[in-house]
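Please have a look at it first, and then follow along.

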Amino acid sequence: MAKIQAIRGMNDILPDQSPVWQFVEDTVRKVLGQYGYQEIRMPIVEQTDLFKRSIGEVTDIVEKEMYTFEDRNGDSLTLRPEGTAGCVRAAEEHGLLFNQTRRLWYTGPMFRHERPQKGRYRQFHQIGVECFGMTGPDIDAELLVLTARLWKALGLAGHTRLEINSLGTSDARKVYREALVAYLEQYKEDLDEDSKRRLGTNPLRILDSKVPETRKILEGAPSFDDYLDDDSREHFEQLKSLLDAAGVEYTVNPALVRGLDYYGKTVFEWVTDSLGAQGTVCAGGRYDGLVEQLGGKPTPAVGFAMGLERLILLLETLDLIPAHVTSDADVYVTAMGDSAIPAAMALAENLRDTLPGLTIVSHCGGGSFKSQMKKADKSGARYALILGENEVASGTAALKPLRADEPQQDIAQAELASALARAFNL
Ligand code: ATP
Ligand code: MG
């Protein structure tokens with residue numbers, strides 16, 4: 001019988017890879033904690049209408065990419081394609097937004113029926129951050145300063161660059177949209193198929209087309225900058241000054257539009273040149289209208305989401321994963337002989353009590369000395385701790401360095417913890 005396989009575009013994260021995921025997740029969690037962000041956890045499934053009303057009926061996500069199904073009651077449900085809508089829904093439902101400010105974050109799987117390729121999957125993972133009740137641009141700047149700190153913590157500073165733009169108010173966008181459509185209509189026959197379709201549905205997205213013929217036509221298109229309202233222009237200028245003052249570098253990209261309808265004013269992307277076409281690792285912006293659009297009181301809001309698969313791919317591509325992250329053990333404890341097994345167990349427990357920061361893996365399942373040492377080596381541990389009948393009798397253990405060309409030492413069991421603490425700089 002044919003074996004059942006995972007669904008296309010949905011990946012297993014195997015034991016070899018999960019330490020890298022934990023490293024990235026832990027680093028993000030720490031940085032967010034430094035700024036006082038609080039975690040929120042939402043369901044993976046929401047009512048389909050939530051996404052239609054927030055992301056927009058004529059966006060790629062809602063038109064083509066959602067996993068939508070009827071549940072047994074006949075309700076239309078959707079696997080979340082992103083986190084902002086659910087976060088707003090949850091925060092509003094539980095009264096977290098009225099008359100207060102919030103800095104929230106979440107992480108988890110998102111689902112989009114896209115063509116799977118490197119850096120693009122059908123189940124992928126995001127860490128999302130959403131801030132409510134603050135008009136900015138100070139909070140917009142904080143989000144960018146925070147992400148810059150994160151890149152530093154992950155060793156990615158210099159490998160990502162920041163692009164920013166302002167999309168203005170919805171009124172300004174409306175006037176611009178008409179001007180853009182009027183211009184593009186003249187060249188309709190020469191536009192690519194996607195852009196032709198978007199002309200009637202989501203013309204701003206044409207600005208971000210990668211098709212050379214379309215790009216050529218866009219060169220003569222009206223520029224949004226001429227349509228930007230004064231308030232948004234002032235907001236954008238202040239944001240730039242704050243970034244300058246904080247030493248965060250950026251470029252203004254007037255073609256940066258984002259694929260979701262709810263954005264206005266500030267939008268941004270952190271991009272890398274090391275991942276080919278799937279180069280956006282973090283993207284977001286301001287969405288002051290969304291809470292009201294979903295039935296709440298008008299509430300200013302700004303946020304971003306980063307794609308964990310792409311971040312991890314980037315760390316792997318640039319060979320930036322610290323060695324300690326991927327090793328399975330710091331110390332590997334071997335035991336030869338009947339009396340050595342309980343003694344080794346007790347010794348390992350004792351070391352876990354005294355040195356909780358170390359990963360101490362005990363050999364289980366017996367086998368020859370040689371095969372135990374092979375496992376010790378394969379674990380990536382820096383030391384093997386060797387206990388045989390002789391060591392048990394003399395109350396010692398042999399500490400063998402596995403990564404350095406140094407001699408094995410016999411150490412009194414009572415001294416082991418301090419010897420290891422020294423060796424690992426604890
Ligand atoms: P793209 O332009 O790459 O399609 P997007 O604008 O659709 O991205 P967002 O909805 O803003 O992306 O999601 C934020 C981040 O989530 C992206 O910058 C990316 O890192 C990641 N992401 C989005 N879609 C996928 C996917 N299908 N697979 C893996 N990561 C994704
Ligand atoms: Mg997309």
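Val20, Trp21, Phe23, Val24 and Glu25 of helix α1 touch Leu308, Glu309, Leu311, Ile312 and Leu315 of helix α11, where contact means heavy atoms within 4.5 Å. These residues divide into eight nonpolar, no polar and two charged; Ala, Val, Leu, Ile, Met, Phe, Trp, Tyr, Cys and Pro count as nonpolar, Asp, Glu, Lys and Arg as charged, and the others, Gly among them, as polar. The axes of α1 (residues 18-34) and α11 (residues 308-317) come within 11 Å and cross at roughly 110°. Axes are lines fitted to C-alpha atoms, for helices over the stretch in contact, and angles run from 0 to 180 degrees between N-to-C directions. That makes α1 roughly perpendicular to α11, a label for angles of 65 to 115 degrees.

A word on conventions: this is a predicted model, in which local features need pLDDT of at least 70 and side-chain atom pairs count only at pLDDT 80 or more, while totals for chains, interfaces and linings use all residues. Residues are numbered from 1 along each chain as its sequence is written, chains are lettered from A and ligands numbered from 1 in the order in which they are written, and side-chain values use heavy atoms, with hydrogens and water left out. Helices (H or I, at least four residues) and strands (E, at least two) are DSSP runs, numbered from the N terminus.

Now to the sheets. β1 runs parallel to β5 (residues 102-111), joined by two bridges, and glutamate 39 has tryptophan 105 in β5 as its bridge partner.

Lysine 265, in strand β9, has a positive phi of about 55° although it is not a glycine.

A second open sheet has three strands in the order β2-β4-β3, with antiparallel pairing. Here β2 (45-47) and β3 (67-70) are the edge strands, each with a single partner, so one side of each is left without a neighbour in the sheet. The twist averages 35° from one strand to the next. β2 pairs with β4 (residues 76-79) over three bridges, and glutamate 46 stands opposite threonine 78. Helix α2 (residues 48-55) packs on the sheet, touching β2, β3 and β4, and its direction makes about 75° with that of β2. Four bridges join β3 to β4, with glutamate 70 opposite serine 76. Five residues lie between the strands in this hairpin, and there glycine 74 takes a positive phi near 85°.

Which residues surround ligand 1? There are 15, and the closest are Arg112, Glu114, Arg120, Arg258 and Thr280; a residue counts as near if one of its heavy atoms lies within 4 Å.

| Side chain | Distance to an oxygen atom of ligand 1 |
|---|---|
| Arginine 120 | 2.9 Å |
| Glutamine 126 | 3.0 Å |
| Arginine 310 | 3.0 Å |

Terms used:
Pairing = 2+ DSSP bridges. Parallel < 35°, antiparallel > 145°, perpendicular 65-115°, else oblique. Polar contact = N/O pair within 3.5 Å; in protein donor to acceptor, adjacent residues only side chain to side chain.
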